[in-house]
Amino acid sequence: MSSRPDGEIIHFDNVGLRYDHDREVLSDLSFTLFPGTFYFLTGASGAGKTSLLRLLYLAQRPSRGVIRMFGKDAITMPRSGLPALRRRIGVVFQDFRLVPHLSAFDNVALPLRVAGFAEREIAGPVGDILEWVGLADRRAARPATLSGGEQQRIAIARAVIGRPDMLVADEPTGNVDPDMAVKLLRLFELLNRQGTTVVVATHDVHLLRKVPESLIMRLDRGRLSDPTGALRYPPRRPA
Amino acid sequence: MSMPPTKSSRRRRARARRLFAGTDAELVPQGHMSGPMPWVIAIMVALTAIALATGLALGNTVTAVTAEIEGGVTVQLVEPRPDVRQQEAARALDALRIVPGVASMRLVPQEELDALVAPWLGGGIETAAGAGIPVPALIDVRLQHAATQDRVAAIQRSLARVAPSARVDAQSAWLKPVFDAIVSLQWLAIALVALLAAALAAAVLLAARSALGTNHETIEIVHLLGGTDAQIARVFQRAIGFDAAGGGAIGLALALAVILSLGRRFSGLGAGMVSSGALIWTDWLLLALVPLLATGLAMMTARLTVMHALRKML
């Protein structure tokens with residue numbers, strides 16, 4: 001992992017989230033994510049991992065608190081400003097969320113098309129990343145014809161193709177074999193070394209050991225435990 | 001592994017506005033002239049064009065006939081005795097020559113009068129022994145200006161002494177109820193055009209909502225990948241615009257077939273008022289604009305509907 005630059009990429013201050021009038025699923029979350037850092041988000045099922053990720057990739061606004069993203073207040077920001085922030089975040093959804101009528105190639109190319117890249121600028125990188133995830137020969141396949149693991153790799157390729165400032169992945173290795181899981185983790189590390197902040201939600205403790213310099217965010221019934229203070233005050237590391 | 005260039009440019013922003021334009025893939029599956037939408041639009045455009053053509057033809061009729069009879073005055077000499085009637089007609093013509101504002105006048109010949117009543121009373125009614133029917137003598141007068149009540153009264157006064165049996169009428173007064181009815185029909189045609197436009201907008205609104213519901217998942221994904229409301233709206237706008245343009249062209253073709261067929265039938269009647277309602281080139285131009293306006297209306301409705309629905313998402 002490269003040295004951690006100064007500044008912050010995400011800042012949560014006393015954030016709470018409740019759906020409708022139910023009890024809070026996330027409470028009093030206060031933490032800062034720094035550029036170029038690798039985070040694992042862990043916690044038991046129902047601890048609120050997915051809800052926290054939804055806040056991180058701007059699918060949800062919190063019920064209370066302050067969220068600052070890339071130096072901007074994401075709570076008071078008008079809706080028209082959110083797409084620009086979202087383009088800086090790559091997301092791997094737990095259920096992949098591939099567009100069913102688009103080919104693997106078009107699914108991966110989607111973020112680049114949304115960002116306005118020309119077709120000639122898209123073909124090379126998309127082809128390369130499909131090859132990297134081992135699906136170059138399935139570029140024309142529709143998601144329904146791909147296995148769970150293949151769909152997951154397409155979802156990951158789509159999330160990283162735009163070189164996001166932050167990558168958020170919800171159980172990204174849940175449907176792939178151990179070898180592919182390691183390979184995908186290496187891809188995340190590669191992006192991380194290039195400066196991308198990576199947040200991976202997982203309950204696979206073996207995965208945590210594979211990135212020894214990662215920071216752990218542990219959610220327990222909607223509350224974040226940070227016993228060492230590493231999230232709020234991460235240690236500076238030499239280059 | 002190659003990565004896409006990151007440099008932002010104006011051209012890139014312009015391409016982003018045309019999301020998926022120019023690619024074989026489509027963000028939302030599109031029927032391209034399949035499904036009911038193009039045919040609904042075709043019917044709407046056909047009905048609108050026919051209603052518009054009707055309104056324009058009626059307008060042309062009113063304009064043409066009004067121009068023709070605006071300054072027309074008819075003097076009827078209702079004297080039953082033929083010799084006195086002829087003397088009164090001669091004196092009336094002399095008197096009319098010095099009435100200010102009279103442009104021309106013409107004593108309608110007896111043959112024309114006979115021809116006018118022949119369909120009801122048969123021929124030779126003046127000469128048939130013992131069966132002479134006193135048909136009034138008619139003088140067709142053209143004024144330099146419109147035949148107002150004051151001008152008609154002035155003519156009546158000037159004829160009162162020389163032709164006591166003279167009755168003076170403005171020709172426009174006879175046709176006023178007909179004109180009023182035509183103007184009402186014109187308003188009806190305008191109302192029909194407005195209603196059809198509203199119905200078209202409502203049909204597009206329902207289609208756009210249905211498409212939004214069907215493609216909700218895809219829209220949410222694009223949203224989360226940083227797609228803007230305008231980008232997504234344009235995808236739907238393009239799809240509906242394509243259907244509307246195709247449906248509009250079919251609708252216009254149907255309407256033209258109906259209008260030309262009706263036009264041929266009416267021109268076959270040979271009636272002056274009907275033939276004066278023929279469409280002129282500007283009318284045909286207006287009719288040609290109907291599918292274009294319908295396409296514009298459909299695209300605008302689709303855009304507003306989608307933008308409104310997307311505003312409910314974060």
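Guide: Two strands are said to pair if DSSP finds at least two bridges between them. The model discussed here is predicted.

Visitor: What makes β9(A) and β10(A) a pair, and in which sense do they run?

Guide: Three bridges link β9(A) with strand β10 (residues 223-225) of chain A, in the antiparallel sense. The definition asks for at least two bridges, so the two strands count as paired. Within this pairing, Asp220(A) stands opposite Arg223(A) of β10(A). The two strands form a hairpin with two residues between them. Arg221(A), in the turn, has a positive phi of about 45 degrees.

Visitor: How do you know that β3 and β9(A) pair, and in which sense?

Guide: Strand β3 (residues 38-42) of chain A and β9(A) share four bridges in the parallel sense. Phe40(A) has Ile216(A) of β9(A) as its bridge partner, and Thr42(A) stands opposite Arg218(A).

Visitor: Which residues of β9 of chain A form its covered face, and which its uncovered one?

Guide: In β9(A), residues 215-220, the covered face consists of Leu215(A), Met217(A) and Leu219(A). The uncovered face consists of Ile216(A), Arg218(A) and Asp220(A).

Visitor: What is the order of the strands in the open sheet of chain A?

Guide: The sheet has six strands in the order β6-β7-β8-β3-β9-β10, with mixed pairing. Its edge strands are β6 (89-92) and β10 of chain A, each of which pairs on one side only. On average, neighbouring strands are turned by 20 degrees against each other, direction ignored.

Visitor: Which strands do helices α1 and α6 of chain A lie across?

Guide: Helix α1 (residues 49-56) of chain A lies across β3, β7 (166-170), β8 (197-201) and β9 of chain A, at about 155 degrees to β7(A). Helix α6 (residues 178-193) of chain A lies across β3, β7 and β8 of chain A, at about 150 degrees to β8(A).

Visitor: Turning to chain B, why are α2(B) and α6(B) called roughly antiparallel?

Guide: Helix α2 (residues 37-69) of chain B and helix α6 (residues 171-214) of chain B pack at about 160 degrees, with their axes 9 Å apart. Angles over 145 degrees count as roughly antiparallel, and α2(B) and α6(B) are therefore described in that way. The crossing of α2(B) past α6(B) is left-handed.

Visitor: Why is helix α4 of chain B said to lie largely in the open?

Guide: A residue is buried if 20 or more other C-beta atoms lie within 10 Å of its own. Of the 12 residues of α4(B), residues 110-121, the number that are buried is zero, so the helix lies largely in the open. Gly122(B), which follows α4(B), has a positive phi near 85 degrees.

Visitor: How many helices and strands does chain B have, and into which domains is it divided?

Guide: Chain B has 10 helices and four strands. Its division gives domain 1 (32-66 + 177-310) and domain 2 (79-164). The centres of these two domains of chain B, taken over C-alpha atoms, are 52 Å apart. Of the 314 residues in chain B, 31% are buried.

Terms used: Residues numbered from 1 in each chain as written. Chains lettered and ligands numbered in written order. Predicted model: local features only at pLDDT ≥ 70, side-chain atom pairs only at ≥ 80, totals over all residues. Domains from an automatic or database assignment. Axes fitted to C-alpha atoms, helices over the stretch in contact; angles between N-to-C directions. Contact = placed C-beta atoms within 7 Å. Parallel < 35°, antiparallel > 145°, perpendicular 65-115°, else oblique. Left-handed = near helix turned anticlockwise from the far one by under 90°.
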